Amino acid sequence: MTENGLLQIGLYFVTLVLLIKPLGSYMADVYDDAPHIFRPALKPVERLLYRIFGVKDDDDMSWKQYTASVLVFTLFGGILLYLQQRFQNHLPLNPQGFPAVSWDSSINTAVSFLTNTNWQGYGGESTMSYLTQMAGLAVHNFLSAATGMAVLAALIRGFTRRSAQTIGNFWVDLTRSTLYILLPLSIVFTLVLVSQGVVQNFKPYKTVPLMQKVTYDKPVVDSQGNPVKDASGKDKTEPAALTEQSLPGGPAASQIAIKQLGTNGGGFFNVNSAHPYENPTPLSNFLEALAILLIPAALCYTFGKMIGDTRQGWAVLITMFVILIPLLIFCYYAETADAPYVKGLGAAISSGGNMEGKEVRIGAANSALWAAVTTAASNGSVNAMHDSFSPLGGLVPMFLIQLGEIIFGGVGSGLYGMIIFVVIAVFVAGLMVGRTPEYLGKKIEAFEMKMAALVILIPAVCVLLGTGAAVVLKDGIAGIANPGPHGFSEILYAFSSCANNNGSAFAGLSVNTPFYNILLAIVMIAGRFGVIVPVLAVAGSLAQKKYVPVGSGTLPTHTPLFIVFLIGIIIIVGALTFLPAISLGPVAEHVIAAK
Amino acid sequence: MAVKHNLFDWRLIGKASAESVIKLNPLYQVRKPVMFIVEIGSILTTVLFVYSLYKPSGDPPLFILAVSLWLWFTVIFANFAESMAEGRGKAQAENLRNSRRDISAKLLAAPTHDAAVTVVASPKLRKGDCVLVGAGDIIPSDGDVIEGVASVNESAITGESAPVIRESGGDRSAVTGGTLVVSDWLVIRISANPGETFIDRMISMVEGAKRQKTPNEIALDILLAGLTIIFLIATVTIVPFSIFSVKAAGAGSPVSVTTITALLVCLIPTTIGGLLSAIGIAGMDRMIQANVIAMSGRAVEAAGDVDVLLLDKTGTITLGNRYATEFIPAKGVEIQQLAEAAQLSSLADETPEGRSIVVLAENEYGIRERDIHALHAEFVPFTAHTRMSGVNMDGVEIRKGASDAVAEYVKKQGGAFPADVINIVEGIARDGATPLVVAKGKSVLGVIRLKDIVKGGIKERFHELRAMGIKTIMITGDNPLTAAAVASDAGVDDFLAEATPEAKLKLIRQYQAGGKLVAMTGDGTNDAPALAQADVAVAMNSGTQAAKEAGNMVDLDSNPTKLIEIVEIGKQLLITRGTLTTFSIANDVAKYFAILPAAFLSIYPELGALNIMRLANPHTAILSAVIFNAIIIVILIPLALKGVKYRPLGAQALLRNNLLIYGLGGVAVPFVGIKLIDMLISALNIFTK
């Protein structure tokens, strides 16, 4: 760790904290339909949209109607996105002439983008046409993010409404999230990215001569493509040289802006934000990293403002920071520590620490920062390969995901997940002070506990059962690149990432196979809607309840004491669930290497 | 009835031990998901043990047997806790049942005492039947007195042996089946069918037979079931994980089913899962110890949530009677003269007010109490018509009474009511006290100040309640002036003066509309609507049948202050559940550090670094965790039965204290406990590998 690195991390958090209140306050006004800066200009557009689609904006929905709207909307989006990929060879804006995407990969990708996971089993610049990227994937970057935010708005209404049957209108929440929040922020951010050199065009890929010729040993293959062995039984190679390279293009900047802001994370290019066309400068790196946490963090303030007690929002935010920052520092430490397993590896080790899988221009501090925030939030974009992190360094992003994507988490989805954890903490703490537990004036009873248990249970069960199946089935083991505990970590990471809708990959695991494409798609759906449905049910149930005024016998939920308790519950539930798996993966790898 | 039980009554322990084995019946356990899983684990490991005798596997049979036995003990210990809790209630139910034995009743053909009588057995009586009971008879069933006055010994219900008066009309008309008429006779209209009487309900409550899970208990059960499923998956998936890891490491063997079962049982919240029903039953039992019969567990739980207490002034906040505190003479009258007249007028007045005047005169002015007969005085008792009492002595009439009554009396005699006395009277009323004017013949001597005396210690109780976040409201029929004065003396938060049943009901609804939970006590029939509306309604046992039916608790001692105790018991019940849940979950950290390195040691010996307790070997480590997990249930039984000590503090302070003890303690204790057990087992030298 260097002072400079810590200083950059510090600068990141200071900037983030300064933006929380203005943005959070603005978003609260958007959902409450209170006057705000874009309202005069965009309200007519909003009204026009409602007229076109026949939405009555004062027509509030019950939680069941709301849930049905979310599901139907997602299902239709999914079918469209699937067809777009399957027929991209017949559609325009395909200068590279990419063929149709395979059926299993199309399903996986459609599910992945609809669930705000953005797990990518494909390489963007070698698979997807510009139209698929722009009119398919980028559109769902907006809509899946807006869906998460809408569900959060509905849950907040569960707390603010009293003895009510409805929790808002999904179409209105979806429209407002997109029109007033995601679109303006993305437009501004796209322009900033373009100014930094992120590509934004429709040109075909360019072939250019290499500045420096690259020579390498190329395996000799026979006419069937099988490797030819030499006399000693080794693969036969011949010297070869590379003299030119292909430079991809495309409407990247506009997609990258939303993939960072909407905690999507699906890169335009295969290596995501490690690619110089996706993340060219230190400033672009800083801003893209900032964009990851921007909305999830600001939503905490939005939550506080909407329920009329900003202390509650800050308490949740502090909880998130207190869990994230030590883990981030630990990751940074693990990546720069003079660990035994990086000794003697020569060129791979620069003064910056473990540089395998990292961009030299980005360095360990910014790689660790990005790795932590992209997995704390369910973003999943990367600027370094987590697979190459040290075992303990790689444990940090994995554990942050396994906590359930509630430390910031996805836009909307992170906070609604966190609120469910708060509900559980309030339940146990509330009993300890001798009252039927209540949070924000609403009693927490059996129905809420049932739904809360599902929210914790479903993603965790998906991770464990999915990993369990993959490590014993032939198709699962076939994808592993590294032997030993690291191979186990790769599979565990893939299922953790998908079930919690993060989408980042440990890499090293070949997942573009029907087995992984389908299994991971199932896990992504379960992890997304297995949480959304119970959360909306909680919203509906809370909205029906009476308000219990706060008294001195009421458990305060904004105090340091409660924050400590909440952190304890989150860490203990997360750790207890995954400790056996983690022991056999990163921990085993670490203790073996340390010997 | 309030039979106090020692926690370690050996007879009770013997009975409970036997029952805890009977309760192993899986059909019984299935109601408790956590313990059901443990029982399945016990059966599974037993089968594995038998199997290992024929076909040896990785684990030595002795180890499997030890794990299996301790898993069985875990279930048995949890059953034992429940039986202990039930046992205390059952002993009381036994006493009650004896008082319910069939008796013959004199059924009346018509609801008058001189109607024709047929003798029937008490179970034949139906609602609406009228019976006659005389001295020495046991009242056959619950009912209302419609004719007669009698003294009744209700010790079978209340434990109080002094007989009480029961009469028709008014607030003393309810009688309970099983109580004994000591003198005179009553005509009773039966108000309950067989099986629905008060005693029947009490028996089923104390026995826990009809015990339904309370709302918070259900919610907690769901949370525990959720955790159990997570841990079930987390442990079962260790099988594929370890199969893969064995291949990856090229060493060791997959984790055995015995180890997985042991880990599962250690992780799932068995401590709270095993003690949960015992805590609930013990909570009801503590109510019974306090001589309160709750009609449902729900009511007990609701008591902990109460935000507002409505308390009757008389009997709850004040001693119930006014006391003379001062004599204020009229102009030109000696205070001694006034005191003497006041005392004379009260000598034969046996009301507490009258006695207090005699005592005040004696203590303050040295006027000795005299015998009224020796003075040849004739006592004139208070009547609603004259609204005065006094004596006629040697042709002189001394009267005391309300100022307007005395003024009228004096005027009739040709005297005048002095202006300064009017001022004094108004001054006293303004202070919230009651003025009593004393007149001798046609002259007014002065005024006695009568004051409500607030019960000792009540102010401190209200202060505690405030710390708990509970608002106290005094209900009184007094005028607002008097009410305000008493309220400020007693330190209540608010008061309702000139309270009518309608006003009470309105007040309760008003608070409930604001989301508050309201508790109140009542005894009269006119309290019934308010009792029915209140969330926690404690009816006095001395009260009417209507009041008892409207309430959801009955206080056998008929002590209105009991409400405060009831709230504390309700809170204690919830706190005990919360703290033991926290303790149970916090325990898991240490158990992981005991079992995981042991389970994976053969695959990755390097993981031995996680064995931070330095336990002797994998078998002792796993066994120590299992044994700790079982024994902690037994250790916590007294806590579950007695409840976590409740102190009236704010929520923040309560949470801090409980987190320190049960949260941090819950993390630390098992590290020590498991290490100690491991040292013991390894000293036995049974498991050397």
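Which residue in β7(B) is the bridge partner of Gly143(B)? In β7(B), Val175(B) takes that place. The model is predicted, so local features need pLDDT of at least 70, side-chain atom pairs count only at pLDDT 80 or more, and totals for chains, interfaces and linings use all residues. Residues are numbered from 1 along each chain as its sequence is written, chains are lettered from A and ligands numbered from 1 in the order in which they are written, and side-chain values use heavy atoms, with hydrogens and water left out.

**View 1. An open sheet of 6 strands in chain B.** The strand order is β2-β1-β3-β9-β4-β7, with antiparallel pairing. Strands are DSSP runs of E, at least two residues long, and helices are runs of H or I, at least four residues long; both are numbered from the N terminus. Two strands pair if DSSP finds at least two bridges between them. β2 (117-121) and β7 (174-175) stand at the edges. Each has a single partner strand, so one side of each is left without a neighbour in the sheet. Strand β4 (residues 143-147) pairs with β7(B) over 2 bridges, in the antiparallel sense.

**View 2. The hairpin of β16(B) and β17(B).** Strand β16 (residues 434-440) and strand β17 (residues 443-454) of chain B run antiparallel and are joined by 7 bridges. Val438(B) has Gly446(B) as its bridge partner in β17(B). The hairpin has 2 residues between its strands. In the turn, Gly441(B) has a positive phi of about 65 degrees.

**View 3. Positive phi at Glu498(B) and Arg614(B).** Most residues other than glycine have a negative phi. Phi of Glu498(B) is near 45 degrees. Glu498(B) sits in the loop between β19 (494-496) and α18 (501-513) of chain B. With a relative accessible area of 48%, Glu498(B) is partly exposed (buried is under 20%, exposed over 50%, partly exposed in between; 1.4 Å probe, protein chains only). Arg614(B) has a phi of about 55 degrees. Its loop runs between α21 (562-600) and α22 (618-642) of chain B. Arg614(B) counts as exposed, at 53% relative accessibility.

**View 4. Ser105(A) in helix α4 of chain A.** The helix spans residues 103-114. Ser105(A) is buried, with a relative accessible area of 3%. Leaving aside neighbours within four places in sequence, Ser105(A) is in contact (heavy atoms within 4.5 Å) with Gln85(A), Tyr122(A), Asn512(A) and Asn517(A).

**View 5. The interface of chain A and chain B.** Here 58 residues of chain A are in contact with 61 residues of chain B. The buried area is about 5100 Å², of which carbon and sulfur atoms give 77%. Buried area is the accessible area (1.4 Å probe) that two parts lose on being put together, summed over both. Met432(A), Leu576(A) and Leu584(A) supply 14% of the area that chain A buries against chain B, more than any other three residues.

**View 6. A salt bridge between Arg435(A) and Asp307(B).** The side chains meet at 3.0 Å, N to O. The rule asks for a side-chain nitrogen of Lys or Arg within 4 Å of a carboxyl oxygen of Asp or Glu. The count between the two chains is 1 salt bridge. On the side of chain A that touches chain B, the elements giving two or more residues are α13 (413-432), α14 (446-472), α16 (484-499) and α18 (560-594). The largest share, 15 residues, comes from α18(A).
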